[in-house]
Amino acid sequence: MSDQEKQPPRKTPEASGVDLARQALAAAREQARARGNAAGGRKRQQQPGLRSGARADGRDPMPLMAALDRLRTERGWEMPMAVAGVMERWPEIVGPEIAAHCEPERYEDRELVVRCDSSAWAAQLKLLAPQLVARLNADLGQGTVRMIVVRGPGGRPKPYGPWRAPGSSGPGDTYG
C-alpha cells in the first residue's frame, strides 16, 4: 500500500458563518440575474404613490381638526368623546328645568350616573329615565347608554378612594 492509502482521509473544513453568507449572496445574485433584475443594471422604477410631488398623499400636512378626527377614529374614542359632549350639552338634552336640579356625574359600562339635588327630583328623573335613554341613544348611537342610574342628594362622601388604604380612618391614623 502506498503512503496516501495509509493516511486517514482529510476532512474538509466546515464553512463558517461568513462563508455561508457569501454563498447565499452569490446564489441570490444569480437568481436576480436570471430574472433580469441584476443589481446595477437598469434603474428601478418608482412604485406609484411612493413619490413626493404636487399631488396629495398620506404624508402631507393636514388641518388640525382633520388630524384629531382621524386620531379619534383610529383609537376608538368616538363613544367616550360623544358622551363627554353629552355632559357639556346636558341642559339642551334634558331641558333647563331638569338640568338645574340634576347633573351627570360619570359614564361607565354604558351607564350614565346622574346626581339630583333632592329626592323629589331623583324620583322624577327615575320616571323620565327610559325617555332620556332613548333620546341619548338617538344622539349618540344605538346602545351607547344602556341605563341611567339616578342618585339622590349627596350624603357623606365615601370613606375610601384611590389614595386611602382599606381599613384606615384617614390621615390621623398615621400619628401614633
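## Asn137 in helix H7

Asn137 is part of helix H7 in this predicted model. Its relative accessibility is 7%, so Asn137 counts as buried, the cut-off being under 20%. Which residues does Asn137 contact, leaving aside its neighbours within four places in sequence? They are Gln142, Gly143, Thr144 and Val145.

## The course of helix H7

Helix H7 spans residues 119–140. Asn137 is one of the buried residues of H7.

## The largest nonpolar core

The largest nonpolar core has 23 residues. Among these, Leu112, Leu125, Val145 and Ile148 touch the most other members. Several elements each supply at least two residues of this core: the helices H4 (78–88), H5 (90–94), H6 (96–101) and H7 (119–140), together with the strands E1 (102–108), E2 (111–116) and E3 (147–151). Which element gives the largest share? That is H7, with 8 residues.

Ile148 can be looked at in more detail. When neighbours within four places in sequence are set aside, Ile148 is in contact with Leu112, Val114, Ala129, Leu132, Val133 and Leu136.

## Gly152, after strand E3

Gly152 belongs to the segment that follows E3. Is Gly152 buried, partly exposed or exposed? Its relative accessible area is 24%, so Gly152 is partly exposed: the value falls between the 20% and 50% cut-offs.

Gly152 and Asp117 are separated by 35 residues in sequence, while their C-alpha atoms are 6.6 Å apart in space. Again leaving aside neighbours within four places in sequence, Gly152 is in contact with Arg115, Cys116 and Ala122.

## Cysteines

Cys116, a contact of Gly152, has a relative accessibility of 2% and therefore counts as buried. Cys102 is buried as well, with a relative accessible area of 1%. How many disulfides are counted? The count is 0, where a disulfide would need a pair of cysteine sulfur atoms within 2.5 Å.

Methods. Residues numbered from 1 in each chain as written. Predicted model: local features only at pLDDT ≥ 70, side-chain atom pairs only at ≥ 80, totals over all residues. Heavy atoms only, no water. Core = buried A, V, L, I, M, F, W, Y, C linked by side-chain atoms within 4.5 Å. Buried < 20%, exposed > 50% of the residue type's maximum accessible area, 1.4 Å probe, protein only. Helix = DSSP H or I, 4+ residues; strand = E, 2+ residues; numbered from the N terminus. Contact = heavy atoms within 4.5 Å.
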